[in-house]
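Subject: Structure for your files

Hello,

Here is the structure I said I would pass on. My notes on it follow below.

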Amino acid sequence: MNRAVRIDIGICTFRRPQLEQTLRSLAELQVPPQIGLRVIVADNDSAPSARALVYALAAGLPFEMLYVHCPASNISLARNACLEAANGDFLIFMDDDQEIVSSDWLTEFLSVANATGADAVLAPVLAIYDAAAPRWMREGDFHSTYPTLVDGAIRTGYSGNTLLRLASPVVAGRRFSLPLGRSGGEDTDYFTRLYRAGGRIAYAPDAPAREQVPAHRASFSWLAMRRFRSGQTHGRLAAEGRSLPALARESLLALAKAGYCLGSALLSIASTGSRNRHILRGILHVGVIVGMLGVREIQQYGDDVVAEEPMEAPIEGKRHAA
C-alpha cells in the first residue's frame, strides 16, 4: 500500500460489559503508519447503557472513537448505523461479547483484502468454552464459525469477524434487513445477496477472533434453536425465484437430508458428540423446509422498543504515531 488507508471497525453492542475487553484487545493491534484507524460503537439498547463505558475508556485507547446510540433492540439497525457512519476504505465488523483479536489481526485482514481485491473478507471466529460447558460441546467445538465453500466459492457469510470494501459497487448502499434484526440471519441474507449481485467473498484464515461462549449459549437447546433459524434463512433465500416444481424438489431433498441425519444419529447414539452433531444438522434441514414454505424466521432477540434515529457522538482518542 502506497497511500494512506482508512479503516473503521464497527462493534454492535447490547448490554454487554465484555465490550471493554474487546476494545482493550484492539488497543494492542499492530497498526502500520499509513493506516488510519477508527472504532465505531453502535449501542443497540433502548437507553445509552454503553455510553459511560465507552467514554471512560476512550482517553486511554490509541485510536479515534465514535459512539452511536441506535435504540431499537434490532441488530440490523446497529449494523446499518455502522455502515452509515463509516467513511473509510474498509469497515470491519466485530461482535462485543468478549471477542478478542491478536496483534497482527488487522495486518492479516488487509493482506488478504489487497491480494484478492475481494468485496468482502471473512475470518474465523473461534469459540472459547468454560469448564462448565458440556464435554461433548467443548470437544466437538460446536460454536466456532468458519465460511462454507460451495463449488469452490464462498456464497454467503457472517458478520462476527468480517471486512467490507466500502467503495465496492455491491457494498455501497447495501444494508442489513430490518425484519431479520430480531430473528438473526440478517448477515446470511446480506452476504447471500452480495454474492448474487456479483460480489466476491474471500477468506483470511490467519485473522481469527476468539469469542467466549456465555453460559446460556452452552446448551443443546440454544444450538438447536440457532440451527433451526439458520435453516429457515437458507430455505427462504433458496426459494426465491424458484418454480413450484423446483421448490418441491428442493424440499424433498432437504427432507431426505433430515432423514439421513436422524438415521446417522441413531447409529451413533453411543457417542454424545457425534449423535448431537447429526441431530443438529437434521434440525437445520427441517428449518430449510420450513423456510421454503414461507414461514418467517423465529424471533430470538430484542425487546419491543420503538425505533428512533441513531445519535452520533464523536470521541477523541489518541492516534497511533506515524
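In helix α1, which spans residues 19–26, the buried residues are Leu19, Thr22, Leu23, Ser25 and Leu26. They lie on the same side of α1, because the arc they cover around the axis is only 160°. The general rule behind such a pattern is that an α-helix has 3.6 residues a turn, so residues three or four places apart point the same way. Please keep in mind that this is a predicted model.

Next, the cysteines. How many disulfides does the structure hold? The count is zero. Cys70 is in no disulfide, and the nearest cysteine sulfur to it belongs to Cys12, 6.9 Å away. A disulfide would need the two sulfur atoms within 2.5 Å. Cys70 counts as buried because its relative accessibility is 0%. Cys261 also counts as buried, at 7% relative accessibility; the cut-off for buried is under 20%.

Then there is a sheet. Three strands make it up, in the order β5-β12-β7, and the sheet is open with mixed pairing. Its edge strands are β5 (99–101) and β7 (125–128), each of which pairs on one side only. On average, neighbouring strands in this sheet are turned by 30° against each other, with direction ignored.

Within that sheet, which sense does the pairing of β7 and β12 take, parallel or antiparallel? Strand β12 (residues 209–212) pairs with β7 in the parallel sense, over four bridges. Opposite Ile128 stands Gln212 in β12.

Regards

Key: Residues are numbered from 1 along each chain as its sequence is written. This is a predicted model: local features need pLDDT of at least 70, side-chain atom pairs count only at pLDDT 80 or more; totals for chains, interfaces and linings use all residues. Side-chain values use heavy atoms; hydrogens and water are left out. Buried means under 20% relative accessible area, exposed over 50%, partly exposed in between (1.4 Å probe, protein chains only). Two strands pair if DSSP finds at least two bridges between them. Helices (H or I, at least four residues) and strands (E, at least two) are DSSP runs, numbered from the N terminus. Axes are lines fitted to C-alpha atoms, for helices over the stretch in contact, and angles run from 0 to 180 degrees between N-to-C directions. The arc is that of the directions from the helix axis to the C-beta atoms.
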